[in-house]
Amino acid sequence: MRSLAAFLETYNKVSKRGPMELVYRPRRLRRTETIRRMVRETVLTPADFIFPMFAAPGKGLRQEVAAMPGVARLSVDLLVEEARSAWDAGVPAVLLFGLPQKKDDTGSEAAWPKGAVQQAVRALKKALPEMAVITDVCLCGYTSHGHCGIVHRGEIDNDATLEVLAQVAVSHAEAGADLVAPSDMMDGRVGAIREALDDRGFEMVGILSYAVKYASAFYGPFREAAESAPQYGDRRGYQMDPANTREAMREATLDVEEGADLIMVKPALPYLDIIAELAGEFDLPIAAYQVSGEYSMIKAAAAQGWLDETAVMLESLLAIKRAGADLILTYFAKDAAKLLKKPGTG
């Protein structure tokens with residue numbers, strides 16, 4: 001065991017040395033918050049966010065989603081006020097999911113002009129005409145079986161589903177949607193929707209395609225919010241295998257060729273490598289969806305005092321943008337935007 005005298009002798013020798021001859025010291029650019037902000041490579045802004053919302057039938061209705069603290073199913077009147085709050089914080093767009101009054105085997109209410117989504121689109125465009133309104137196009141929340149397409153003999157009929165999805169997209173465009181976002185993962189759905197929109201005179205309605213949507217375990221809380229869990233089986237026959245990267249490039253390529261204006265990766269944080277791959281390959285805007293499971297994990301850990309919610313929220317969003325996402329769909333959109341408007345944040 002070294003003696004105190006030997007330790008002090010070594011310390012005195014080291015302390016009398018001059019500075020090491022380092023040509024470059026990276027810590028110079030980390031010394032103060034101002035300098036760090038000046039050289040920051042990736043910057044979050046409220047304009048990066050899209051706010052997912054759940055439109056429900058009725059009036060004055062607010063149903064909290066137990067698995068997603070802070071998220072609620074809202075009737076159109078309350079949804080408009082919540083969207084206004086997000087707009088005032090700097091969030092430029094919302095993504096609408098709908099809940100029907102009743103479900104059936106074909107999800108017929110999804111294309112109903114008086115459906116919750118269609119009513120919400122009209123109300124939002126009247127109250128907040130500059131806000132971009134995007135609508136989710138899928139059948140899972142409207143079908144009695146909970147699958148994303150028409151079922152024949154126990155199997156999803158891909159081509160029959162395309163006809164219904166096109167009708168849903170047109171109904172959203174007629175209500176005033178700026179973009180439609182097909183999330184069903186049927187083959188050819190972007191082309192079918194693009195053709196239907198163009199045929200009805202909606203050439204300027206864009207398509208934000210869920211181009212790369214994995215069959216993920218991170219969707220659990222969303223299925224409570226949208227009441228869209230499959231009643232039997234799973235969605236691995238149409239959503240992507242989480243093990244695959246090259247398939248993601250094929251899916252995105254097909255959607256771009258069919259007319260997608262933006263392409264999305266879902267989920268986000270577990271698939272940062274996929275976001276980066278697409279960002280390096282395509283020059284279209286890349287969106288990434290920080291899904292319900294990502295949101296709920298942060299909320300749950302913060303509630304236990306295990307994580308700093310604000311810090312982890314902002315760090316996770318920054319990571320998604322750093323990977324290459326131009327737009328981030330996140331349930332944190334409003335809260336994050338409010339924070340980022342403060343000087344020195346981001």
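The structure is a predicted model, in which local features need pLDDT of at least 70 and side-chain atom pairs count only at pLDDT 80 or more, while totals for chains, interfaces and linings use all residues. Residues are numbered from 1 along each chain as its sequence is written, and side-chain values use heavy atoms, with hydrogens and water left out.

**Nonpolar core**

- A nonpolar core is a set of buried Ala, Val, Leu, Ile, Met, Phe, Trp, Tyr and Cys residues joined through side-chain atoms within 4.5 Å; buried means under 20% relative accessible area, with a 1.4 Å probe and protein chains only.
- The largest core holds 109 residues, and Phe49, Leu96, Val212 and Leu278 touch the most other members.
- Helix α5 (residues 158-175) supplies the largest share of this core, nine residues; helices (H or I, at least four residues) and strands (E, at least two) are DSSP runs, numbered from the N terminus.
- Leaving aside neighbours within four places in sequence, Phe49 has contacts that include Leu44, Val91, Leu317, Ile328 and Leu340, where contact means heavy atoms within 4.5 Å.

**Cysteines**

- The whole structure contains zero disulfides, a disulfide being a pair of cysteine sulfur atoms within 2.5 Å.
- The closest cysteine sulfur to that of Cys140 belongs to Cys138 and is 3.9 Å away, so it is too far for a bond.
- Cys148 is likewise in no disulfide, and its nearest cysteine sulfur, in Cys138, lies 3.6 Å away.
- Cys140 is buried at a relative accessible area of 11%, and Cys148 is buried at 0%.

**Second largest pocket**

- On a 1 Å grid over the protein atoms alone, a pocket is an open set of points where a 1.4 Å probe fits, with protein on both sides within 12 Å along at least five of seven lines, and lining residues have an atom within 4 Å of a point.
- Of its 16 lining residues, Phe51, Gly70, Val71, Glu82 and Tyr331 are the closest to the centre.
- Strand β1 gives the largest share of the lining, four residues.

**Asp48**

- Asp48 is located in the loop between α2 (33-38) and β1.
- Asp48 is buried, with a relative accessibility of 7%.
- Not counting residues up to four places away in sequence, Asp48 touches Val43, Lys321, Asp326, Leu327 and Ile328.

Conventions
Buried means under 20% relative accessible area, exposed over 50%, partly exposed in between (1.4 Å probe, protein chains only).
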